Amino acid sequence: QVQLVGSGGGLVQPGGSLTLSCAASGNIFSIDRMAWYRQAPGKERELVASIIGGRSTYYSESVKGRFTLSRDSANNTLYLQMNSLKPGDTAVYYCKAALRTRDRYLEIWGQGTLVTVST
């Protein structure tokens, strides 16, 4: 069984930093894409950043220059380094992976992790 576990959220002051982790486990043959989404109260879920094939990255305009993705392929883990955090970054952050097992293609979500940016 394949599982995705996100972690690392918390309370941070404006201008602070946090690092989120997303670990995939199970009978994984390969991972095509991993991404972080976020959903603020009363808003739709939005794509924050993604990485395809371990190299090609995308960042939304709202986080470009402040957030950085990195991937530990050996451990199927994705990190999101978040710097210069703003109150507008407050949201539940979800990781998502598009991956392959020996016999199927899956798109799975991790549980959310709450990031609160506040004084």
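**Figure 1. Charged side chains across the chain.** The chain carries 13 positive and 8 negative side chains, and the centres of these two sets lie 2 Å apart. Here Lys and Arg count as positive and Asp and Glu as negative, while His and the chain ends are not counted. Each charge is placed at NZ of Lys, CZ of Arg, CG of Asp or CD of Glu. Please keep in mind that this is a predicted model, in which local features need pLDDT of at least 70 and side-chain atom pairs count only at pLDDT 80 or more, whereas totals for chains, interfaces and linings use all residues. Residues are numbered from 1 along each chain as its sequence is written, and side-chain values use heavy atoms, with hydrogens and water left out.

**Figure 2. The whole chain, for orientation.** You will find 11 strands and zero helices here. Helices (H or I, at least four residues) and strands (E, at least two) are DSSP runs, numbered from the N terminus. The C-alpha atoms fill a box of roughly 50 × 25 × 25 Å along the principal axes. For 119 residues, a compact globule would have a radius of gyration near 14 Å, and the chain agrees because its own value is 14 Å. That radius is taken over C-alpha atoms, and the globule rule is 2.2 Å times the number of residues to the power 0.38. Of the 119 residues, 40% count as buried; buried means under 20% relative accessible area, exposed over 50%, and partly exposed in between (1.4 Å probe, protein chains only). The accessible surface comes to about 6,400 Å², with 46% of it belonging to carbon and sulfur atoms. These areas come from the Shrake-Rupley method with a 1.4 Å probe, and for residues only the protein chains shown count as cover. Among contacts with a separation of 6 or more, 54% are between residues 24 or more positions apart, where contact means heavy atoms within 4.5 Å.

Figure 3. Strand β4 (residues 30-39) pairs with strand β9 (residues 91-100) in the antiparallel sense over nine bridges. Two strands pair if DSSP finds at least two bridges between them. To find your way along this pairing, look for Met 34 opposite Ala 97 and Arg 33 opposite Ala 98. In a regular strand the side chains alternate between the two faces of the sheet. β4 also pairs with strand β5 (residues 46-52), again antiparallel, over six bridges, and Arg 38 has Glu 46 as its bridge partner in β5. The β4-β5 hairpin has six residues between its strands, and Gly 42 in the turn has a positive phi of about 75°.

Figure 4. Four bridges join β5 to β6 in an antiparallel arrangement, with Ser 50 standing opposite Tyr 58. Three residues lie between the two strands of this hairpin, and Gly 53 in the turn has a positive phi of about 65°. Thr 57 sits in strand β6 (residues 56-59) and is partly exposed, at 41% relative accessible area. Leaving aside residues up to four places away in sequence, Thr 57 touches Ser 50 and Ile 51. The C-alpha atoms of Thr 57 and Leu 47 are 12 Å apart, with the two residues 10 apart along the chain.

Figure 5. β9 is mostly covered, with eight of its 10 residues buried. Its pairing with strand β10 (residues 105-109) is antiparallel and has five bridges, and here Leu 99 stands opposite Leu 106. A hairpin of four residues joins β9 to β10. β9 also pairs with strand β11 (residues 113-117), antiparallel over three bridges; in that pairing, Tyr 93 stands opposite Thr 113.

**Figure 6. Two loop residues with positive phi.** Asn 76 lies in the loop between β7 (67-72) and β8 (77-82), and its phi is near 50°, a positive value in a residue other than glycine. Ser 84 belongs to the loop between β8 and β9. Although Ser 84 is not a glycine, its phi is positive, at about 50°. Ser 84 is partly exposed, with a relative accessible area of 41%.

Figure 7. Gln 1 lies in the segment before β1 (3-7) and counts as exposed, at 90% relative accessibility. Beyond residues up to four places away in sequence, Gln 1 touches Ser 25, Gly 26 and Asn 27. Gln 1 and Ile 28 are 27 residues apart in sequence, with 8.9 Å between their C-alpha atoms.
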